[in-house]
Amino acid sequence: MEEWTEDAISYYKTVDLFVLSSFSEGWGLTVIEAASSLCPIIMTDTGCAREFIQDNVNGWVIKINNTEDMTYALNEAIGDKKKRISFAQQAFKNLSLLPNEKTTLQQLQQVWIKALPTTEL
């Protein structure tokens, strides 16, 4: 068992592969952390799957409970270092497409402005 660390990025840099085999996941911060560490990603089709990781482009996205596809992805990731590195680099490049804090706050502000009533009560 690993001890708690505030430096997750350094931890991700020590591993060869990140696997998220969740049945349900939120947006998937751990996937973003793994990508920012150039760690190749295999994940089930939950959370930010397909929003950030595209199957066989910048990682592997597996249907939930599909052990056959998970086994295939694991074997491919372990056996094909060139593909593993390529996927990790592509996922890292996708990070630049995510909104930064300022953009996110502006988008939230616009949503709230649209939600406000247009007439006084």
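Colleague: Is Asn 58 buried or exposed?
Modeller: In this predicted model, local features need pLDDT of at least 70, side-chain atom pairs count only at pLDDT 80 or more, and totals for chains, interfaces and linings use all residues. Residues are numbered from 1 along each chain as its sequence is written, and side-chain values use heavy atoms, with hydrogens and water left out. Buried means under 20% relative accessible area, exposed over 50%, and partly exposed in between (1.4 Å probe, protein chains only). With a relative accessible area of 1%, Asn 58 is buried.

Colleague: Where is the place of Asn 58?
Modeller: Helices (H or I, at least four residues) and strands (E, at least two) are DSSP runs, numbered from the N terminus. Asn 58 lies in the loop between β2 (41-44) and β3 (60-62).

Colleague: Which backbone atoms does the side chain of Asn 58 reach?
Modeller: A polar contact is a pair of N or O atoms within 3.5 Å; within protein, one must be able to donate a hydrogen and the other to accept it, and residues adjacent in sequence count only if both atoms are side-chain atoms. The Asn 58 side chain reaches the backbone oxygen of Phe 52 at 3.1 Å, and the backbone nitrogen of Gln 54 at 2.6 Å.

Colleague: What does Phe 52 touch?
Modeller: Contact means heavy atoms within 4.5 Å. Not counting residues up to four places away in sequence, Phe 52 touches Val 31, Ile 32, Ala 35, Asn 58, Ala 91, Asn 94, Leu 95 and Leu 98.

Colleague: Why are the buried residues of α3 on the same side?
Modeller: The buried residues of α3 are Met 70, Ala 73, Glu 76 and Ala 77. They lie on the same side of α3 because their arc around the axis, taken from the directions from the helix axis to the C-beta atoms, is only 130°.

Colleague: Where in the chain is confidence lowest, and where highest?
Modeller: pLDDT is the predictor's confidence in each residue, from 0 to 100. The chain has a mean of 89, with 97% of its residues at 70 or more. Confidence is lowest in helix α1 (residues 8-12), at a mean of 83, and highest in α3, at 96.
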